[in-house]
Amino acid sequence: MSFNSIEFAVLLVATYLLYRVLSLRGQNTLLLVASYAFYAWWDIRFLYLIVFSTVIDFACGAMIGSGWVSKPNRRLMSAVLLLAAIAFNTVQWQAVQLSLSPLAMAINWAALLPATWAGWWVLGATVLLVAIAPLFYSYSVALEASRRRTLFLVLSIVKNLLILGVFKYANFFAGSVADGFRWLGLDADRITLNLILPLGISFYTFKAISYIVDVYRGRMQASHHFWDFALFWAYFPPLLAGPIERATHLLPQLTHRRHLSFQQTSEGIFLILFGLFKKVAIADGVASSVNAVYGTTGAISWLDIVAATVLYALQIYADFSGYSDIGRGVSKLFGIELMLNFNLPYFSKTPSEFWGRWHISLSSWLRDYLYIPLGGSRQGVFKTYRNLMLTMLLGGLWHGAAWNFILWGGYQGALLCGYRAVSKIDPPSNEAVSIRNLLGSAPAIALFFGLTCYGWLLFRATSLEQVITFTRLLIVDFGNLSLSMPKPPLSALLGIPVWVAYECLEYLTHSLKLKLWFPTPLRAALYATLILILIMGESNAPAQFIYSQF
Amino acid sequence: MRLHSSSTLSSKAKSSTTPSKPSRSPLQTVIITGLWTLCFLGLFDVAINRIFPYPTDPLAPRPSQLKTYFEYGRSIEGKLARMIGTDDRSSAVLAKAGWLDPQTWSPATLPPNKNLLIAVYGMSFSEQIAEAMEKLDPRLAFRRINAPSAPPNHSYTAYKLDRGRHSADVVMLGILASSIKAMPTLSAATWQFEVPSMYTYPRYELENGTLQAIEPKVHSLAEFRNVLHDPQSEFVKQLESRDRAYSSFLFQRNWLDQSAIVRLVRRAWAQRHIDNLDNSLHTAEGFADTEMSILQAMVSDFAATARQDGKFPIVLVFNDKGYEDHLIQALLPRLGTEAIPYVSTHAIAPASNLSNFVGDGHFIPPVNDRIAKAVLTVINQSVPRKKISK
C-alpha cells in the first residue's frame with residue numbers, strides 16, 4: 001500500500017479515528033493490525049517474513065538482555081509463528097475472490113491449499129522450528145552468560161543478513177555468475193534466480209540489527225512484551241522507506257501512553273501535505289522527463305544529460321524526503337515521533353556535511369554500527385580512508401544489488417576521502433547563515449551540488465555502458481545545448497520554485513519549522529499553494545516510492 | 001566522516017523555532033487557519049478563471065497553453081458544447097473531424113497528372129506519412145480518411161464503408177499503439193478526455209471467430225448536436241453500458257465546471273480512469289490477448305477483402321512512445337502467416353529513442369521521410385504505376 005493511494009487514506013482515517021478512543025493496549029493492537037494490513041496489501045506471503053523475524057529477534061533480544069524468555073511468551077511465539085505460517089503462507093489467498101460492489105465472497109476450495117508438496121515447506125519448516133525450540137532454549141539458558149549473549153547476537157545478525165542476502169542479493173550474484181558463464185560460452189540458464197524483493201527489506205533489517213546490537217551493548221533493556229516488540233518491528237509509517245528508527249528511540253514511545261497534542265497533530269498534517277506535494281507534484285512530475293533520457297536508446301545531447309540528472313537529483317530528494325515527511329507526519333498523528341531523515345541536504349558544501357543532512361537515519365546507522373566499530377578515524381590516516389571507503393561501499397550496496405550502486409558508494413567514499421585530504425577539517429555545517437553568508441558559500445554549495453549530481457548519474461544509470469556513454473558525452477559533447485528531453489508538467493515547474501524558495505528560507509532562518517513563524521494568513525497561503533499544486537500534480541503518472549524498492 | 005545525530009538536529013531545530021505561545025485555543029486556530037486556506041483556494045480559483053479565460057466561440061483560434069491547461073478538466077459535455085455551433089459551419093474544426101461519412105471522402109478516381117491512387121485509413125501519423133510520400137513522389141494521389149488518434153475500429157470501419165466507392169489500387173490501414181485502448185469504446189469523446197473529439201465508430205467483438213459490430217447510436221455531428229444536452233438520450237445510455245471509457249463524473253456537464261480547482265481534480269481523476277483502462281489492455285509485457293484477437297481479425301479481413309477487390313493492402317504499424325514494439329510483436333504472427341504487406345515503425349524508428357519524436361508525440365519529419373520511403377519501396381515492388389493522363 002502506497003502513501004499516495006486512496007487505500008492508504010482510508011486505512012489512515014479509519015485507524016486514526018479508532019485510535020483516538022482506545023486505551024494504550026488497544027492503540028498498540030490497532031497499530032499492529034494496521035501495520036500488518038499495510039504490508040499485506042502488497043503481498044500477504046511476505047507478512048510471514050515479518051512475523052518470523054519478529055519472533056526470532058524478540059527471543060534473541062531477551063536471551064541477550066536477561067538470559068530467559070518467560071513461558072507464556074515462549075508459548076505465544078510458537079503459536080504466532082505457526083498461525084502466521086498457516087495464514088500467510090499455506091493458505092492460498094488468491095483462491096478467495098472478494099467483491100465490494102455488490103458485497104460478495106467466493107472461495108475456490110480446491111485451490112485454497114497448496115497443490116504440491118513444495119507449497120507446504122514453510123509450514124513444515126516452522127513446525128520443525130517450533131519443535132526444536134524448547135531443546136535449544138534448555139541448552140542456551142544453561143550456557144555461560146557471555147557465550148549465550150554472543151551466540152544470540154550472532155544468531156540474530158546472521159538471520160537478518162541471510163534474509164537480506166537471499167532476497168536482495170542472490171539475484172544479483174546469480175546474475176553476475178550467469179553473465180560470467182555466458183561470457184565463457186557455457187549454459188547459464190540454471191543459475192538465474194527470480195526472487196521477489198520484499199518491500200522495505202533493507203530498512204527493517206537495519207532496524208532489527210540496531211535493536212539487537214544496542215541490547216548487546218547494554219544501551220537498552222531487551223523488550224519482554226511481545227506485542228509491543230511486534231509493533232516496533234512492523235510499525236507502518238517508517239516500514240517501507242524509513243527513517244531507520246532505533247529501538248532506543250521508538251520502543252519507549254510504544255510502551256508508554258502517548259499524549260496527542262494539538263501542535264503535534266497540526267505538524268503531522270502539514271508534513272503529510274508537504275510530503276505528498278513533494279512526491280506527487282515534483283517527484284512524479286519530473287519522472288517522465290528523467291525516464292525519457294535515462295531510458296532512451298537513441299542519441300542525446302550534453303544538455304539532455306545535465307537537465308535530466310539535475311531533475312533526477314530533485315526527483316530522488318522529493319520522493320525520498322516526501323516519504324519520510326509523510327511517515328513522520330502520520331506517526332505524529334498517533335503521538336509517536338520519528339527521527340528527522342533530511343535536513344536541507346543540497347545546501348551542503350562538503351560530503352561529510354551532505355551525509356549529515358541526507359538520509360540521516362542511514363548515515364548515522366552506518367556510523368554507529370559500521371564506521372566506528374571498524375575504528376573510525378582513530379587509527380591513523382590510511383585506516384580512516386579505508387574505513388570511509390568500506391562504509392560507503394557497503395552503504396551503496398545497501399541501496400541495491402547492482403554495480404551502479406556499488407559504483408555510487410565508491411564515488412561517495414572517494415569524495416569523503418578527497419575532501420578530507422584537501423580540507424583536513426570539515427567546516428561546521430550548522431553555522432548561523434545569512435544571505436551574505438549564503439552568497440559567499442554559494443560557489444562551494446554549487447560545486448558540491450554538481451558533484452552530488454554526478455553521483456546521482458551513477459545511481460540512476462541503467463547499466464555500466466550508460467555510465468560510460470553519459471560520462472563521455474559530458475566531456476566530449478560539452479556545451480551542446482540541443483534539448484530533446486520532454487518538458488516536465490506544470491505542477492513540477494511551479495512546485496520546484498516553491499519548494500526551493502521554502503528550503504532557502506529554512507536554510508537562512510536555520511529553522512525546519514519555518515511555517516510556525518508565519519502569521520496565520522501567510523501560513524494559510526502556503527497551505528493553499530501546496531494544495532493547489534498538489535491537485536495539479538495528481539494528473540502526473542503515479543510511481544512507486546523509489547526507496548521502498550530498496 | 002562527521003555525521004549528525006538526529007537528536008542534535010531535532011533539538012536544535014526545536015530550540016531555534018519554538019513559536020510564541022498561541023493566544024487562541026487549538027480549535028479556534030484550526031478554524032481560522034482552515035477558513036483562511038479556503039479563502040486563498042477560492043481566490044486562486046477566481047484568479048485562474050479571470051487570468052486564463054477560455055474562449056467560448058467554437059471558431060476562436062487555439063488559445064494559449066496555460067488557458068488550455070486549466071480547461072483540460074472541464075466535463076466532456078462542457079468541452080463539446082463549446083465546440084458545437086448551431087450548425088456545422090459555426091462548429092469547431094475538431095467537432096467536424098473524423099465522422100464516418102463516405103460522401104465527403106475524395107478523390108474517388110485517379111486525378112490527372114498522377115499515376116497511383118492510394119487510400120489511407122488512419123490518423124495524424126498516417127496522414128504525415130502520406131504527406132511525406134507525396135513529397136517523395138508527386139505523382140502519387142491520396143484518398144485520406146483520418147480521425148484524430150483514430151482507433152483501429154474507426155480505420156477498419158472507414159475502410160469497409162469505403163469499399164466500392166473508389167478506384168485506388170493501394171489501400172493502407174494505419175494502426176496506432178496508443179489508440180488500442182480505445183478499442184472497447186464507441187466514441188472519441190469518452191477516451192480522449194483532455195481534448196475530446198466527437199466522432200463515433202462501432203465497437204467490435206469476436207463471436208466464434210467472426211467480428212460483430214456494436215453500432216453507435218449517433219453517426220453524425222448533426223445527430224450529436226441533438227443528443228448533447230440530454231443525459232437520458234439513447235446514445236448516453238449506450239455509452240454508459242457499452243463504452244468502457246465512459247464515466248458520468250467525467251462526461252456530464254454541471255455547475256462544478258465553473259471551478260478551476262474542480263477542473264484540476266477532474267483532470268486527475270480522468271488520468272487515472274484512462275490509465276486504468278490502458279493498463280487493463282496493455283502491460284510492460286505487451287497487449288492483452290482479447291483486444292489483439294479482435295485486431296488480428298480486423299487485419300485479416302482488411303487484407304482478404306482488399307485482395308478480393310483487386311487492391312494491394314498495406315498495414316502501417318505505428319509503435320509510438322510508451323508502447324515499445326508491443327504492437328508489431330502482437331500482429332507479426334498474423335501478418336506473417338497471411339503474407340500481409342506491412343511497414344512497422346519500430347524497425348525504422350524505435351519508440352524507446354526519444355529523439356525520434358517531437359514534443360506532441362508524433363515522429364520528427366526525417367523519421368516520417370524514412371517511413372514513407374519504406375512504404376514506397378513496398379508499393380514499388382508490387383504495384384505497377386498507371387500511365388499519366390494529361
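In chain B, strand S1 (residues 116-122) and S2(B) run parallel and are joined by 7 bridges. Helices (H or I, at least four residues) and strands (E, at least two) are DSSP runs, numbered from the N terminus. Within this pairing, Val120(B) stands opposite Arg144(B) in S2(B). The model is predicted: local features need pLDDT of at least 70, side-chain atom pairs count only at pLDDT 80 or more, and totals for chains, interfaces and linings use all residues. Residues are numbered from 1 along each chain as its sequence is written, while chains are lettered from A and ligands numbered from 1 in the order in which they are written.

The open sheet of chain B has 5 strands in the order S2-S1-S3-S8-S9, with parallel pairing (two strands pair if DSSP finds at least two bridges between them). Strands S2 (140-146) and S9 (342-344) of chain B are at the edges; each has a single partner strand, so one side of each is left without a neighbour in the sheet. From one strand to the next, the twist averages 20 degrees.

Helix H7 (residues 152-162) of chain B lies across S1, S2 and strand S3 (170-176) of chain B, at about 165 degrees to S3(B). Axes are lines fitted to C-alpha atoms, for helices over the stretch in contact, and angles run from 0 to 180 degrees between N-to-C directions.

Between the chains, 47 residues of chain A are in contact with 35 residues of chain B (C-beta atoms, placed from the backbone, within 7 Å). On the side of chain A that touches chain B, H19(A) gives the largest share, 11 residues.

Technical notes. Contact = placed C-beta atoms within 7 Å.
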